[in-house]
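These are my notebook entries on one protein model. I record below what I looked up, element by element.

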Amino acid sequence: MSSNSESTVVEGTLEATVSSEVAVYEIPPCEAGDSCDLPTDIVLRSSDGIRFGAHSRNLEIYSDGFPKANSVTHTAEDVELPEDSDVVSLLLKFMHHQPQPDLELLASKLLIKFANAAEKYGIYCATGVCKVMIGLSVEEQPFEVFLYAQRHGYTSIMDKAGKLAITQEPAKFFAYAHSIGDTTWRDLAELETHNLSTQTVFDALKEVPDWPPIFGAWFLKREHMRQAIFDALRNPSTVLHKGGMLHCADWYPFLSDLLGKMATSAPTRQSLIQAIKGSLSLLNDCNHCGIAVETVLKSKLFTLEVIAKKPLSSFLEGN
Ligand SMILES: [Zn+2]
Ligand SMILES: [Zn+2]
């Protein structure tokens with residue numbers, strides 16, 4: 001009994017194998033070429049599951065990253081690509097001898113995805129024009145352009161994109177530069193984080209590995225800057241009031257209000273000016289105290305400027 005049933009199973013398996021071999025492996029026609037009549041002999045499947053019929057000979061001629069023609073033609077299996085169908089469609093167009101799509105019409109996100117794929121597969125008739133187009137679109141998405149330029153070693157685009165990314169998304173760029181161990185870009189980005197809240201910088205940094213020492217150094221620098229502002233506010237230039245008084249009665253409530261604001265604001269000239277504006281009414285238009293406040297902004301914030309410009313590295317090293 002048992003040997004009979006075993007043989008039945010084996011026969012069933014054989015039948016299944018034979019029928020799957022008989023099944024036709026369908027290769028879609030080429031849609032990438034302008035009225036292309038070359039036969040398709042390979043299927044590229046995009047990450048979103050679209051099957052593209054392609055010519056292995058073209059892949060070999062126009063790229064250096066796709067599978068070689070003689071290694072894939074007879075496997076009868078789709079070649080799975082990590083790129084989505086928008087990108088695969090463009091890659092295939094560029095691997096035909098024909099006028100190429102106008103990259104000016106691409107959304108900037110797709111342009112970057114396509115450019116990265118063209119670099120990856122060595123499709124050199126696309127990489128150059130992509131680089132030019134991305135160089136022109138740097139202001140639309142500087143962070144993504146920086147990543148692209150850095151990955152492929154395009155230093156002039158990288159510099160331009162990095163500087164723009166720092167001003168547009170300082171905390172994100174600061175954290176990213178730290179994550180790749182680039183202390184020069186990290187310290188440049190840090191200079192632009194001074195007006196951000198501690199929470200914003202913390203939230204960005206904790207997304208990357210090994211962030212605690214960097215956050216510690218950043219926070220230490222912030223406290224030094226805050227101290228410099230407090231020192232300046234507590235020692236304004238002397239402006240004698242009538243009767244020889246250094247300050248009038250309105251000064252102390254004003255100062256107290258201002259120090260309270262600066263205890264929680266970003267310790268920068270910009271937020272100090274903002275806080276002074278908010279507290280100024282407490283001086284009741286006393287000209288003498290007004291002059292004292294002006295001298296703080298004009299000549300007492302030197303230490304703050306010095307600390308603000310110090311590279312973050314010097315706080316990491318405890319100097
Ligand atoms: Zn074709
Ligand atoms: Zn006064």
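**Entry 1. Helix 7.** I began with what covers the buried residues of helix 7, and found that the cover includes helix 5, helix 6 (124-136) and helix 8. I take helices (H or I, at least four residues) and strands (E, at least two) as DSSP runs, numbered from the N terminus. A residue is buried if 20 or more other C-beta atoms lie within 10 Å of its own, exposed if 12 or fewer, and partly exposed in between, with C-beta atoms placed from the backbone. Two residues are in contact if their C-beta atoms, placed from the backbone, lie within 7 Å. In helix 7 I listed Pro142, Glu144, Val145, Phe146, Tyr148 and Ala149 as the buried residues. Gly153 follows helix 7, and its phi is positive, near 75°.

**Entry 2. Basis of the notes.** I note that this is a predicted model, in which local features need pLDDT of at least 70 and side-chain atom pairs count only at pLDDT 80 or more, while totals for chains, interfaces and linings use all residues. Residues are numbered from 1 along each chain as its sequence is written, and chains are lettered from A and ligands numbered from 1 in the order in which they are written.

**Entry 3. Overall make-up.** I recorded 17 helices and three strands in the protein. Of its 319 residues, 30% are buried. Among contacts with a separation of 6 or more, 61% are between residues 24 or more positions apart.

**Entry 4. Helix 9 and its cover.** Just after helix 9, Gly181 takes a positive phi of about 75°.

**Entry 5. Helix 9 against helix 10.** I then looked up the packing of helix 9 (residues 170-179) on helix 10 (residues 183-191): the angle is about 160° and the axes are 8 Å apart. Axes are lines fitted to C-alpha atoms, for helices over the stretch in contact, and angles run from 0 to 180 degrees between N-to-C directions. Angles under 35 degrees count as roughly parallel, over 145 as roughly antiparallel, 65 to 115 as roughly perpendicular and the rest as oblique. Helix 9 passes helix 10 in a left-handed crossing. A crossing is left-handed if the near helix is turned anticlockwise from the far one by less than a right angle, and right-handed if clockwise. On the side of helix 9 I noted Pro170, Phe173, Phe174, Ala177 and His178, which meet Trp185, Arg186, Ala189 and Glu190 in helix 10. By class, this contact has six nonpolar, one polar and two charged residues. Here Ala, Val, Leu, Ile, Met, Phe, Trp, Tyr, Cys and Pro count as nonpolar, Asp, Glu, Lys and Arg as charged, and the others, Gly among them, as polar.

**Entry 6. Helix 11 against helix 12.** At what angle do helix 11 and helix 12 pack? I recorded about 165°, with the axes 10 Å apart. The two helices are therefore roughly antiparallel to each other. Helix 11 passes helix 12 in a right-handed crossing. Thr198, Val201, Phe202 and Leu205 of helix 11 make the contact with Ile214, Phe215, Trp218, Phe219 and Arg222 of helix 12. The residues of this contact divide into seven nonpolar, one polar and one charged.

**Entry 7. Nonpolar cores.** A nonpolar core is a set of buried Ala, Val, Leu, Ile, Met, Phe, Trp, Tyr and Cys residues joined through C-beta atoms within 7 Å. Which residues touch the most other members of the largest core? Among its 52 residues, I found these to be Leu91 and Ala118. Helix 5 (residues 108-121) gives the largest share of this core, seven residues. Not counting residues up to four places away in sequence, Leu91 touches Ala117, Ala118, Tyr121 and Ile123. Apart from this core lies another, of 18 residues, including Phe254, Ala275, Leu283 and Ile307.

**Entry 8. Single residues.** Lys163 lies in helix 8 (residues 155-168). I classed Lys163 as partly exposed, because 18 other C-beta atoms lie within 10 Å. Its C-alpha atom is separated by 9.5 Å from that of Phe143, 20 residues apart along the chain.

Ser35 is in the loop between helix 1 (2-22) and strand 1 (42-45). Is Ser35 buried or exposed? Ser35 is exposed, since 6 other C-beta atoms lie within 10 Å. Asp285 is found in the loop between helix 14 (269-279) and helix 15 (287-299). Asp285 is likewise exposed, with 9 other C-beta atoms within 10 Å.
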